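Please keep the sequence and the coordinates at hand while reading.

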Amino acid sequence: MTTGSTAPAATRGKHAADRPRPSAATTTRNPLVEQRADPFVTRPVDGMYYLTGSVPEYDRVVIRGATTLDGLATARERTIWRRPASGSMGGYIWAPELHRVGDRWYVYFAAGDSDDPFRIRTYVLESIGADPRSTGWLPPKRMVTGWDSFTLDATTFEHRGRRYFLWAQSEPGIATNTNLYIAEMVSPLELVTPVVRIAVPTLSWEIQGFRVNEGPAVLIRNGRVFVTFSASATDARYCMGLLYADENANLLDARSWTKAPDPIFTTNAETRQFGPGHNSFTVAEDGTTDVLVYHARDYRDINGDPLFDPNRHTRVQKLFWNADGTPSFGVPVGKGETVVRLSPLDAPDFVVRHAEFRLRVEGEVPEVADSWFRFTPGHLGAGTVSIQSVNYPNRYVCSGDGVLRIEQFVESDEYGTIASFVRVPGLADRSAVSLRSLGDSGAYIAHEAGRLVIARPGRGRAERERSTFRIS
């Protein structure tokens, strides 16, 4: 493992250039499911998404399914396995993951014993059924790894015809809580190669409260194998890091892996999201847009052991990509509806973003969250909308003196007037949108030389394009 300064730009705390790709918005609310920690959402299988995760009671494995990501919020949840009353696997049940391998379903999960609930080991359930929510699961089998020690958070993935097992474990002789390991599998139930340690918590953000690398998740894109993982205690200090290897590298060689020196997803006080982590990846309904799935709390302070605080909620948001091919995570978004980006028709490869609270139109967004907005009901009521900043949710787009800014919310009619707009079909393309000023019924938000202003468009096509925005 390498921890030097050669990490890609996305991993150095300030994201590199991010050019938007044409894609549909990820249309889902946040949080998606309350009190479901360690969430795992499959890619669609026969048109269905499936979600599993840790329940606050830590006593069972549950699965819900829906044809859309948002549908998981209200889908019926079914228990496919419950811990025995005593003996092996009768303790805490943590972090199940659901995988379709060939024509069978597998659930990897961690379980303790009834007389020692923290004697955590990894087990696997198997089913030949087409629907993982149905009955017919075989009794769990123990996954044998490198040592008979604390083992959890297993995942599996296939790359270039080989299937791998990736997990967290406490290795005898190393003074950490858990490290990350990888091995090749001969079947979904058995490893075939010696285990290889690829990450050890040594950096300051990995050792807060506990020395932890856990919860690995794999995403293969742009010539690299990316592995996100979670670090530190499970309170507000919990955060995510990133490992990566070249897609042509030997993944069973620890030297193939580089650890980014800084965390890539952390607590954000502005959005009121604390301890984001233990993620998975899926895709949106368009089949191509990558979606980040994770848990976080809505508050910082916890009474007692954070492990037994039930309010780690499942959240989802679109994952973006930098120009150098690395993932750009932004910030954990707060409560609310769909997050969108806006691109003017006269600059379709650029996006609206705020910089020092002024609205700009740029192709390079060093911090991707600066280009995230939400449409909300207008501050002046029916028939109007307001445009909320996602990473500064107490600020809204305001027209002010004609140059647009995001300004702190104030309870006043004056603020309501400058922060409310009428959303209409796009002046140059009715599938897009235009945003009309309340103060001047003939004026609209418009792109002008990289700025956003309030202007009266003429009849010409070019002027109307400057006042028309595509939503993605």
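## An arginine in a loop

Arg456 is found in the loop between β33 (451-455) and α2 (461-466), where helices (H or I, at least four residues) and strands (E, at least two) are DSSP runs numbered from the N terminus. This is a predicted model, in which local features need pLDDT of at least 70 and side-chain atom pairs count only at pLDDT 80 or more, while totals for chains, interfaces and linings use all residues. Residues are numbered from 1 along each chain as its sequence is written, and side-chain values use heavy atoms, with hydrogens and water left out.

At 57% relative accessibility, Arg456 counts as exposed; on this scale buried means under 20% relative accessible area, exposed over 50%, and partly exposed in between, with a 1.4 Å probe and protein chains only. The side chain of Arg456 makes a polar contact of 2.8 Å with the side chain of Asp440. Such a contact is a pair of N or O atoms within 3.5 Å; within protein, one must be able to donate a hydrogen and the other to accept it, and residues adjacent in sequence count only if both atoms are side-chain atoms. When neighbours within four places in sequence are left aside, Arg456 is in contact (heavy atoms within 4.5 Å) with Asp440, Gly442, Ala443 and Glu463. Arg456 and Phe165 are 291 residues apart in sequence, and their C-alpha atoms are 59 Å apart in space.

## Two buried threonines

Thr122 has its place in strand β7 (residues 116-127) and is buried, with a relative accessible area of 2%. A polar atom of the Thr122 side chain lies 3.5 Å from the backbone oxygen of Thr151. Not counting residues up to four places away in sequence, Thr122 touches several residues, among them Phe109, Met143, Thr151, Leu152 and Phe165.

Thr178, by contrast with a strand position, lies in the loop between β10 (162-169) and β11 (179-187), and at 2% relative accessibility Thr178 counts as buried. The side chain of Thr178 reaches the backbone oxygen of Asn213 at 3.0 Å. With residues up to four places away in sequence not counted, the residues that Thr178 touches include Phe150, Leu152, Pro201, Arg211 and Asn213.

## Strand pairings

Four strands form an open sheet in the order β14-β15-β16-β17, with antiparallel pairing; two strands pair if DSSP finds at least two bridges between them. The edge strands, each pairing on one side only, are β14 (213-221) and β17 (258-259). Seven bridges link β14 to strand β15 (residues 224-231) in the antiparallel sense, and Ala217 stands opposite Thr228 in β15.

Elsewhere, strand β28 (residues 395-398) pairs with strand β29 (residues 405-408) in the antiparallel sense over four bridges, with Arg395 opposite Gln408 in β29. These two strands, β28 and β29, form a hairpin with six residues between them, and Gly400 in the turn has a positive phi of about 55°.

Strand β20 (residues 313-318) is mostly covered, six of its six residues being buried. In a regular strand the side chains alternate between the two faces of the sheet. In β20, His313, Arg315 and Gln317 point one way and Thr314, Val316 and Lys318 the other way, and all are buried. Strand β19 (residues 290-297) runs antiparallel to β20 and is joined to it by six bridges; the bridge partner of Tyr294 in β20 is Arg315.

Pro310 is found in the loop between β19 and β20 and, at 33% relative accessibility, counts as partly exposed. Apart from neighbours within four places in sequence, Pro310 is in contact with Gln35 and Pro56. Pro310 and Ala37 are 273 residues apart in sequence and 8.3 Å apart in space, C-alpha to C-alpha.

A search of the whole structure finds two cavities of 30 Å³ or more. On a 1 Å grid over the protein atoms alone, a cavity is a set of points where a 1.4 Å probe fits but cannot get out, and lining residues have an atom within 4 Å of a point. The second largest cavity has a volume of about 80 Å³, a volume being the space filled by probe spheres set on the points, with grid points joined across faces, edges and corners. Among the residues that line the second largest cavity are Leu342, Phe373, Val397, Leu435 and Phe469.

Key:
1 Å grid on protein atoms, 1.4 Å probe; cavity = no way out; pocket = protein on both sides within 12 Å on 5 of 7 lines; lining within 4 Å.
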